[in-house]
Amino acid sequence: MSTRRGARVPYVLHFEARTVVLGEPAHLEELEALLRAGGTETRPTHWHGMSAGEPGAALNSVGTDLTAAQFWDRVDAGVFATARWPADLEDPLYLPAPPVWLQRARAWEYDPLAPALGAAPPGGWLRVPGWAGTENDDAGSPVGLLQLTDPDSFWVLGADADVLEVAELCKELALFRLGFDRLSAYFGPDDRIGCLRLPLICREPLEDELIARGTDIEPRFWE
C-alpha cells in the first residue's frame, strides 16, 4: 500500500434520488453555502449529534434530495450565483468553477443489484463520475472506512488500485483474524471493483494494519 498522503476530498454518495456528502467540516460548510445559493435545501448533520449553533459543533455531512445529475447542477448554480463578475468590461472574464477540492471529489452510487463476490448479498457502492463528468481515481488518496447502511458492517471506498490492495490485505488477515473471510467485493458493469464490505468486527484490526503500513485512512463510524 502506498505511503503517500493524499489530499482529503469529499465522498459524494448517491442513494435513491438522494445525495449525501461526507468530508472535512470546512469543505462541507462551503458546499452547503453553494447549494443554498443555488436554491437547494440541505440536511446537515454534526459530529457527536450536536446541533448547529452549539459551541464546537462541526459538520460531518450535508444531505440533499437530489439525484447525481441534479446535485452537480445545483452546485454549478451556486457557483454562478456567488461568482464575482468583473466590474469593468475591459477586465478579464473567467468562467466560474467550484473550488478545486470539490472538483476533485470522488463519487459513488448505491446499486441494489450490484453483484457481490463474497459472503454478503448483492447491493453495493459503484464508482460514478463527479463534477463535470470527471472521475478522480488517484492512487494514494485517503481510503475511506465508512459505516453507511447498517450497524453490523462497513464499506471500504477509495481509488481502484488502493481498494485492490486492501482486498489483498484482507485475504492475508483472513488467515488469522476473525471476520475477514466474509469480505465481499462489489462489481460494476465494467467489472471494476466499486467497494469492499466487511463485518464490523474487522474494523480495528484493519485500521491497525493500514496505519502500520503508512496508509492514510478516513474512518467514519456510528459512535
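**Close-up 1. Valine 21 meets its partner in strand E4.** In this predicted model, valine 21 has valine 62 of strand E4 as its bridge partner. Look next at the two strands themselves: strand E2 (residues 18-22) pairs with E4 in the antiparallel sense, over 4 bridges. Strand E3 (residues 43-46) also runs antiparallel to E4, and 4 bridges join them. Here you can pick out histidine 46, whose bridge partner in E4 is leucine 59. How many of the residues of strand E4 are buried? The count is 6 of the 6 residues in E4 (residues 59-64), so the strand is largely enclosed by the rest of the structure.

**Close-up 2. Tyrosine 11 and tryptophan 108 form a stacked pair.** A search of the whole structure finds 7 aromatic pairs, and this view shows one of them. A pair of aromatic rings is described by two things, the distance of the centres and the angle of the planes. For tyrosine 11 and tryptophan 108 these values are 5.9 Å centre to centre and 25 degrees between the planes. Tyrosine 11 belongs to strand E1 (residues 11-15) and tryptophan 108 to strand E5 (residues 106-111), so the pair ties together parts that are 97 residues apart in sequence. Are the two residues buried or exposed? Tyrosine 11 is buried, with a relative accessible area of 1%, and tryptophan 108 is buried too, at 0%. Find arginine 127 as well: it lies over the face of tryptophan 108, at 4.8 Å from the ring centre.

**Close-up 3. Phenylalanine 15 and tryptophan 125 form a tilted pair.** The ring centres of phenylalanine 15 and tryptophan 125 are 6.1 Å apart and their planes are at 40 degrees, so this pair counts as tilted. It links distant parts of the chain, with phenylalanine 15 in strand E1 and tryptophan 125 in strand E7 (residues 124-128), 110 residues apart. Phenylalanine 15 is partly exposed, with a relative accessible area of 25%, whereas tryptophan 125 is buried at 4%. Let Tyr110 join the picture: ring pairs link Phe15, Tyr110 and Trp125 into a cluster.

**Close-up 4. Arginine 203 lies over the face of phenylalanine 221.** The distance from arginine 203 to the ring centre of phenylalanine 221 is 3.9 Å. Where in the chain is phenylalanine 221? Look in the segment after strand E12 (217-220). Phenylalanine 221 is buried, with a relative accessible area of 11%. Leaving aside residues up to four places away in sequence, phenylalanine 221 touches Leu145, Gln147, Phe154, Leu200, Arg203 and Glu207.

**Close-up 5. Helix H4 has its buried residues along one face**. Helix H4 (residues 160-173) has 14 residues and reaches 20 Å from its first C-alpha to its last, close to the 20 Å expected at 1.5 Å a residue. Which residues of H4 are buried? They are Asp162, Val163, Val166, Ala167, Leu169, Cys170 and Leu173. Seen down the axis of H4, these buried residues fall within an arc of 165 degrees, so they line one face of the helix. What covers the buried residues of H4? The cover includes strand E8 (143-146), strand E9 (153-157), strand E11 (193-199) and helix H5 (203-212).

Notes. Residues numbered from 1 in each chain as written. Predicted model: local features only at pLDDT ≥ 70, side-chain atom pairs only at ≥ 80, totals over all residues. Heavy atoms only, no water. Phe/Tyr/Trp six-rings, centres within 6.5 Å; stacked < 30°, edge-to-face > 60°. Buried < 20%, exposed > 50% of the residue type's maximum accessible area, 1.4 Å probe, protein only. Lys NZ or Arg CZ within 6 Å of the ring centre and 35° of its normal. Contact = heavy atoms within 4.5 Å. Expected span 1.5 Å × (residues − 1). Arc of directions from axis to C-beta. Pairing = 2+ DSSP bridges.
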